[in-house]
Amino acid sequence: MGYLNNTVVTVDAILTTKGRELLARNDGSFRITQFGLADDEIDYTLYNPYHPSGSAYYGEAIQNMPLLEAFPQDGQMMKYKLVTLPRGTAKLPILDLGYSSITLKQGASISITPQTLNYLGNTALRETSGYTATVSDVRLFATYEGVGINTTQAQNLNSTTTIGTTVSKTVIGSSINLRATTVNTLFGSNTALYATLTVIGNDSGARLNIPITITKVS
């Protein structure tokens with residue numbers, strides 16, 4: 001969903017298959033009960049408190065920025081969602097995966113247990129709703145799974161199998177288990193393959209990207 005422009009309140013929305021099914025019933029079952037807000041398009045460095053025309057124009061450049069139209073890849077939009085934090089929060093929560101990057105040999109395994117720092121008055125904690133983790137190329141892994149969270153959404157994502165050219169995969173868990181592929185044909189003449197792991201705290205909205213390298217074993 002996205003605003004088409006910033007002069008009138010006009011909203012562009014793309015319905016999921018389930019949403020279209022409920023709308024087609026025309027029996028009142030289609031109801032929007034929740035929504036999220038994000039500011040992906042906004043460049044706050046354009047805020048100019050020295051604008052020669054005065055305070056009414058400090059944010060003029062921001063207000064005139066083009067806004068994104070809606071598109072269905074939720075992993076590529078609304079990356080920076082607005083979140084509600086306790087009153088008095090002085091620091092935004094951040095994620096700690098225990099790694100700034102990951103390098104695995106073929107067949108090697110690793111378990112990642114994220115922690116959220118500066119959240120709900122705690123130095124570090126594990127979020128109740130777990131973490132959403134997306135890897136950019138799941139072909140590089142023999143095992144890629146989220147464990148520890150048993151909601152319906154988590155079960156559906158964790159059981160999804162990617163096919164064809166859809167090589168990214170998203171899972172939900174309190175821990176993320178990875179085992180590097182043993183398939184040599186993926187490497188071709190390369191000695192290493194690369195991917196990116198994106199982890200998001202489901203309660204805090206904190207986000208972290210780290211690179212992953214899979215090295216070929218001769």
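Two strands are said to pair if DSSP finds at least two bridges between them, and the strands themselves (E, at least two residues) are, like the helices (H or I, at least four), DSSP runs numbered from the N terminus. With that in hand, here are my notes on the model.

This is a predicted model, in which local features need pLDDT of at least 70 and side-chain atom pairs count only at pLDDT 80 or more, while totals for chains, interfaces and linings use all residues. Residues are numbered from 1 along each chain as its sequence is written, and side-chain values use heavy atoms, with hydrogens and water left out.

1. Strand 4 and its partner. Lys105 stands opposite Thr215 in strand 13. The two strands, strand 4 and strand 13 (residues 207-215), pair in the parallel sense over four bridges. Strand 4 (residues 102-105) has two faces: Ile102 and Leu104 are on the covered one, whereas Thr103 and Lys105 are on the uncovered one.

2. Strand 12 and its pairings. Seven of the ten residues of strand 12 (residues 192-201) are buried, so the strand is mostly covered; buried means under 20% relative accessible area, exposed over 50%, and partly exposed in between (1.4 Å probe, protein chains only). Which strands does strand 12 pair with? Strand 8 is a partner in the antiparallel sense, over five bridges, and Val135 stands opposite Leu197 of strand 12 there. Strand 13 also runs antiparallel to strand 12, joined to it by nine bridges, with Ile214 in strand 13 as the bridge partner of Leu193. In the hairpin that strands 12 and 13 form, five residues sit between the strands, and Gly205 takes a positive phi near 80°.

3. Asp137 belongs to the loop between strand 8 (131-135) and strand 9 (141-147). Leaving aside neighbours within four places in sequence, Asp137 is in contact (heavy atoms within 4.5 Å) with Val167, Ser168 and Ala195.

4. Ser175, in strand 11. Ser175 is found in strand 11 (residues 175-180) and, at 11% relative accessibility, counts as buried. The C-alpha atoms of Ser175 and Ile112 are separated by 5.5 Å, although the two residues are 63 apart along the chain. Beyond the neighbours within four places in sequence, the contacts of Ser175 include Ser111, Ile112, Thr113 and Pro114, as well as Glu145, Gly146 and Val147. Thr113 also makes a side-chain polar contact of 3.1 Å with Ser175.

5. Tyr44, in the loop between helix 1 and helix 2. Tyr44 has its place in that loop and is exposed, with a relative accessible area of 55%.

6. Two asparagines worth a look. Most residues other than glycine have a negative phi. Asn26, however, has a positive phi of about 55°; this residue lies in the loop between helix 1 (17-25) and helix 2 (60-63) and is exposed, with a relative accessible area of 73%. Asn118 also has a positive phi, near 60°, but lies in strand 6 (residues 115-119) and counts as partly exposed at 30% relative accessibility.

7. The protein as a whole. There are three helices and 13 strands, and the C-alpha trace spans about 65 × 50 × 40 Å along its principal axes. Of the 218 residues, 28% count as buried. Among contacts between residues at least 6 apart in sequence, 65% join residues at least 24 apart.

Technical notes. Polar contact = N/O pair within 3.5 Å; in protein donor to acceptor, adjacent residues only side chain to side chain.
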